[in-house]
Amino acid sequence: MKNKIIELVDIKRNFSVGSEVVRALRGVSFTIHEGDFVTIMGTSGSGKSTLLNVLGCLDDSSSGEYYLDGVLVRNMSKNERAVLRNRKIGFVFQSYNLLAKTTAIENVELPLMYNSSICTKDRRVRAIAALTRVGLADRLQHKSNQMSGGQMQRVAIARALVNDPAVILADEATGNLDTRTSFEILALLQRLHGEGKTIIFVTHNPEIAEFSNRCIVLKDGLVDSDVFNSDVRSAAEVLASLPILSDD
Amino acid sequence: MNGLNLFRIALHALSNNKTRAFLTMLGIIIGVASVITMLAIGQGSKGSIEKQISEMGSNMIMIYPGEASTGGVRLSASEMNTLKVEDYESLLTLEHLSAVSPLVSSSGQYIFGANNYPSSISGVGTEYLLIRQLKLASGEMFSEDDIRTSSKVCVIGNTIKDNLFPNGEDPIGKTIRFKKIPFQIIGVLEEKGYNSMGMDQDDIVLTPYTTVMKRILAVTHIKSLYASAITEEQTEVATAEITAALRSNHKLGFGEVDDFNIRTQQELASMISSTSQLMTTLLACVAAISLIVGGIGIMNIMYVSVTERTKEIGLRMSVGAKGIDILSQFLIESFMISITGGLIGIALGCSFALGVNKFVRWPIEIELWTILLSFAVCTFTGIFFGWYPAKKAAQLDPIDAIRYE
Ligand SMILES: Nc1ncnc2c1ncn2[C@@H]1O[C@H](COP(=O)(O)OP(=O)(O)OP(=O)(O)O)[C@@H](O)[C@H]1O
Ligand SMILES: [Mg+2]
């Protein structure tokens, strides 16, 4: 049996907007094992982003227990969570969230900057390695505004990879990209998954679920369905079959 | 997170916004530069006044006739006449005085050949040179014999020499006329220049006081007495001694007020230096206010910067920045702004003070403590005014910050 990397027990998250209470998550429980590639789907407003933020220790649940790698997140201080985000979690945002006027390599170095056990030389080496893995070895010195959306998203993925996290969380990482670029990103994530990374991928696109080995569907803040997929499609193959329009 | 990384991040952020960083700095630059310049000018004028006073003789004591409380009221003729030659002679024996001289003066025109020059004549004793710290450049001072005989000899200052002998001839032995009376020049004084009140100290002619009293003014009283205490510290004892001597001379009973008044150079010096001290303090206050305004400028910009960069803060937090990292980042930014501004301000202030000295010819004095002080103050300003915005940034919630639009 593989390690439980994430365990959620009856997670609820309420937002109070004025006098009203919005119940974004109404009791979500599931367990994700090491090396899983999970897609989270659901209609808009079903609570996917809220769930991912809780998983990424960016947000706190209103009630319920969340164990990350066996540790109860609720009992952690702000600083401990910061360390957790730094060492165990790689977060990929839909809107890339790269630092403006900053080169690709500096963006990727960012998480390592907050890890005092890594020296300057190491940091550079690891950032270059991460960028090479996402195929941007030739774009190290490009600034955020000098790259395409797909390239920026790959920089963001490199940034999520660079500290060798236990889990990669991606919130609609392909939402802003065209089909071809989406498949490139997907192929990249599949490759990382193949290397043993745990990936949780939020998407609207049901087709993407076919590339993961598990799909959790949320509805109104509850788990609607949770199915395992034994017939995982290969994004690399799809990519190869796509007509080549232009070179990237 | 180590300090070097924080510095790198802060430097990066500042270089991304050079114009803004510079404009923020401007407040500090102006503040520090004005502190340095103002203090340099204040200290300089204070120093030069003190120097001039000590040049004039810091242990000098002046005795005038009339009550001390007369203030601006004109003295009546009888009150003007209270000092006599006997008073002068009684002071000669006092223990704490190193020199005493009467001073009786009269103004008028000097004539030598075709040249004439309006000035005044000072009737003094031989010790006057000592009291006023005057030195002879050539010739000699008149003697006690000259005083006894009221001889018509004089010692002149440089201004008189230049005006009566414009061709540079040697004045010694020449005879000049003052109010039709011929005076033989027996000595020339060393040049002293202008004093801090703008008076020409070389516009001076010294002659025996008896000559002025008998031959020019035909009076028996002395206009004033000058004396020197042995040391500056003994000025007070000497003053008491003089008071006692004069009171007994004038037969003043217990309860009667002095019919003379005594001024010491020490009093004058402390009065002038306290005035210039006040000026320096005022200048420093003005400058300090501009430094505070500069600090508020930093706070303002850092505050805007925190708001503007909320998303960036959120992102940094999402990849593992702790509150303290964010706090340090912003503190270091405001620290760097104020340090850089401070250094530029110091350079600017020093060159400005030197410029004032060179072009306006005001005395200046740049003291190390003013530089250190203004540097310390602007460092403090940076941290103090940067603290609030930085704290605000550090307390942001990661998810709120990253969602901030
Ligand atoms: N900060 C917040 N304050 C108040 N309500 C919120 C907040 N964040 C989310 N919500 C509410 O929680 C619910 C779930 O939002 P969430 O962003 O998780 O949806 P989602 O599944 O990610 O939708 P989408 O697919 O459109 O991104 C929504 O009804 C939303 O209005
Ligand atoms: Mg969402």
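This short talk describes a predicted model with a chain A and a chain B.

Good morning. I shall begin with the layout of chain B, then turn to the interface, and end with some individual residues.

The domain assignment divides chain B into two parts. Domain 1 covers residues 3-52 together with 271-403, and domain 2 covers residues 81-258.

Let us now consider how the chains meet. The size of an interface is often expressed as the accessible area that is lost when the parts come together. Here, chain A and chain B bury about 2300 Å² between them, and 56% of that area is on carbon and sulfur atoms. Three residues, A:Leu58, A:Met113 and A:Tyr114, supply 28% of the area that chain A buries against chain B, more than any other three residues. In terms of contacts, 25 residues of chain A touch 26 residues of chain B.

What kinds of pairing does one find across this interface? There are six residue pairs in polar contact between chain A and chain B, while the count of salt bridges between them is zero. On the side of chain A that touches chain B, the helices α2 (78-87), α3 (104-113) and α4 (120-133) each supply at least two residues. Of the elements of chain A, α2 gives the most, with six residues. Sorted by class, this side of chain A has 11 nonpolar, seven polar and seven charged residues.

Is A:Thr198 buried or exposed? Its relative accessibility is 0%, so A:Thr198 counts as buried. The side chain of A:Thr198 has a polar atom 2.9 Å from the backbone nitrogen of A:Gly35, and this side chain also reaches the backbone oxygen of A:Ala166 at 3.4 Å. Among the residues that A:Thr198 touches are A:Ile5, A:Ile32, A:His33 and A:Val167.

My last topic is salt bridges. Side chains of opposite charge can pair when their charged atoms come close. Over all chains, the model has 20 salt bridges.

One of them joins A:Arg233 and A:Glu207, with the closest N and O atoms 3.9 Å apart. A:Arg233 lies in the loop between β10 (222-228) and α8 (235-241) of chain A, and A:Glu207 lies in helix α7 (residues 206-209), so the pair ties together parts that are 26 residues apart in sequence. A:Arg233 is partly exposed, at 30% relative accessible area, and A:Glu207 is partly exposed as well, at 34%.

In chain B, the side chains of B:Arg247 and B:Asp258 meet in a salt bridge at 2.5 Å, N to O. B:Arg247 belongs to helix α9 (residues 235-249), whereas B:Asp258 sits in the loop between α9 and β10 (260-264), 11 residues apart. With a relative accessible area of 19%, B:Arg247 is buried because the limit for that class is under 20%. B:Asp258, at 24%, counts as partly exposed.

Finally, B:Arg316 forms a salt bridge with B:Glu312 at 2.8 Å between the closest N and O atoms. Both residues lie in helix α11 (residues 310-318) of chain B, four residues apart, about one turn of the helix. Both B:Arg316 and B:Glu312 are buried. Salt bridges with shared partners join B:Arg309, B:Glu312, B:Arg316 and B:Glu333 into one network. Thank you for your attention.

Notes:
Residues numbered from 1 in each chain as written. Chains lettered and ligands numbered in written order. Predicted model: local features only at pLDDT ≥ 70, side-chain atom pairs only at ≥ 80, totals over all residues. Heavy atoms only, no water. Domains from an automatic or database assignment. Contact = heavy atoms within 4.5 Å. Buried area = accessible area lost by both parts, 1.4 Å probe. Salt bridge = Lys/Arg side-chain N within 4 Å of Asp/Glu carboxyl O. Polar contact = N/O pair within 3.5 Å; in protein donor to acceptor, adjacent residues only side chain to side chain. Nonpolar A, V, L, I, M, F, W, Y, C, P; charged D, E, K, R; others polar. Buried < 20%, exposed > 50% of the residue type's maximum accessible area, 1.4 Å probe, protein only. Lists of a residue's contacts leave out its neighbours within four places in sequence.
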